[in-house]
Amino acid sequence: MFFKSMIDDVLNKREKERKIAMAKGATKGLTVGAALGAVAGLLFAPKSGKETREDIKVKANETREDLMEMANQKKEDLKAKIEQTKQVVQTTTEGLKKTADDTKKNLQETKEAAQETKDAIDKTQNDLDEMNNDSKNK
């Protein structure tokens with residue numbers, strides 16, 4: 001049951017990563033398209049060279065700020081994923097340690113039960129031997 005949960009977590013994580021990758025691709029495409037559209041619009045607009053250069057400068061600064069914001073968001077997303085991965089590793093490690101401890105305990109209990117069974121068989125055999133000897137002596 002524990003391993004099924006781990007497998008489900010991994011599959012869910014992969015699905016989320018696939019969706020995030022698709023969203024990132026779309027975001028990049030929109031950003032590049034918007035930047036190119038803005039530059040093309042500025043270059044073909046009926047303005048003076050000075051106004052056009054100023055508009056290009058403003059748009060370049062806006063695009064730079066947008067890219068910096070996206071980079072910061074990606075950095076935060078990566079930090080969150082690293083933390084999530086650490087938690088999964090820790091949970092998995094704890095689960096494996098508990099399973100190992102439980103298995104060790106069960107093995108010890110099985111050994112003790114086997115020894116008790118052996119002792120009971122030996123005692124029963126001794127009792128039978130004594131009964132045989134007593135019946136032979138009578």
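A helix is here a DSSP run of at least four residues in state H or I. The model shown in all views is predicted.

**View 1. Salt bridge between Asp 122 and Lys 118 in helix H2.** Both residues belong to helix H2, at positions 4 residues apart, about one turn of the helix. The closest N and O atoms of the Asp 122–Lys 118 pair are 3.1 Å apart. Asp 122 has a relative accessibility of 34% and therefore counts as partly exposed. Lys 118 is likewise partly exposed, at 45% relative accessible area. An α-helix has 3.6 residues a turn, so residues three or four places apart point the same way.

**View 2. Salt bridge between Lys 59 and Glu 62 in helix H2.** The two partners, both in helix H2, are 3 residues apart, about one turn of the helix.

**View 3. Salt bridge between Arg 18 and Glu 15 in helix H1.** Here the closest N and O atoms are 2.6 Å apart. Arg 18 and Glu 15 are 3 residues apart within helix H1, about one turn of the helix. Arg 18 is partly exposed, having a relative accessible area of 43%, and Glu 15 is partly exposed at 34%. In total, the structure holds 6 salt bridges.

**View 4. The largest pocket and its lining.** The volume of the largest pocket is about 350 Å³. Its lining comprises 17 residues, and those nearest the centre are Asp 9, Val 10, Lys 13, Gln 84 and Val 88. Helices H1 (2-44) and H2 are the elements that give two or more residues to this lining. H1 supplies the largest share, 10 residues. By class, the lining of the largest pocket consists of 5 nonpolar, 7 polar and 5 charged residues.

**View 5. Span of helix H2 and the setting of selected residues.** Helix H2 covers residues 49-137, a run of 89 residues. At 1.5 Å a residue, H2 should span 132 Å, and the 129 Å between its end C-alpha atoms agrees with this expectation. Thr 52, Thr 92 and Gly 95 are buried in H2. Thr 117, also in helix H2, counts as partly exposed because its relative accessibility is 44%. The C-alpha atom of Thr 117 is separated by 65 Å from that of Lys 24, a residue 93 residues away along the chain.

Terms used
Residues are numbered from 1 along each chain as its sequence is written. This is a predicted model: local features need pLDDT of at least 70, side-chain atom pairs count only at pLDDT 80 or more; totals for chains, interfaces and linings use all residues. Side-chain values use heavy atoms; hydrogens and water are left out. The expected span of a helix is 1.5 Å times one less than its number of residues. Buried means under 20% relative accessible area, exposed over 50%, partly exposed in between (1.4 Å probe, protein chains only). On a 1 Å grid over the protein atoms alone, a cavity is a set of points where a 1.4 Å probe fits but cannot get out, and a pocket is an open set with protein on both sides within 12 Å along at least five of seven lines; lining residues have an atom within 4 Å of a point. Grid points are joined across faces, edges and corners, and a volume is the space filled by probe spheres set on the points. Ala, Val, Leu, Ile, Met, Phe, Trp, Tyr, Cys and Pro count as nonpolar, Asp, Glu, Lys and Arg as charged, and the others, Gly among them, as polar. A salt bridge is a side-chain nitrogen of Lys or Arg within 4 Å of a carboxyl oxygen of Asp or Glu.
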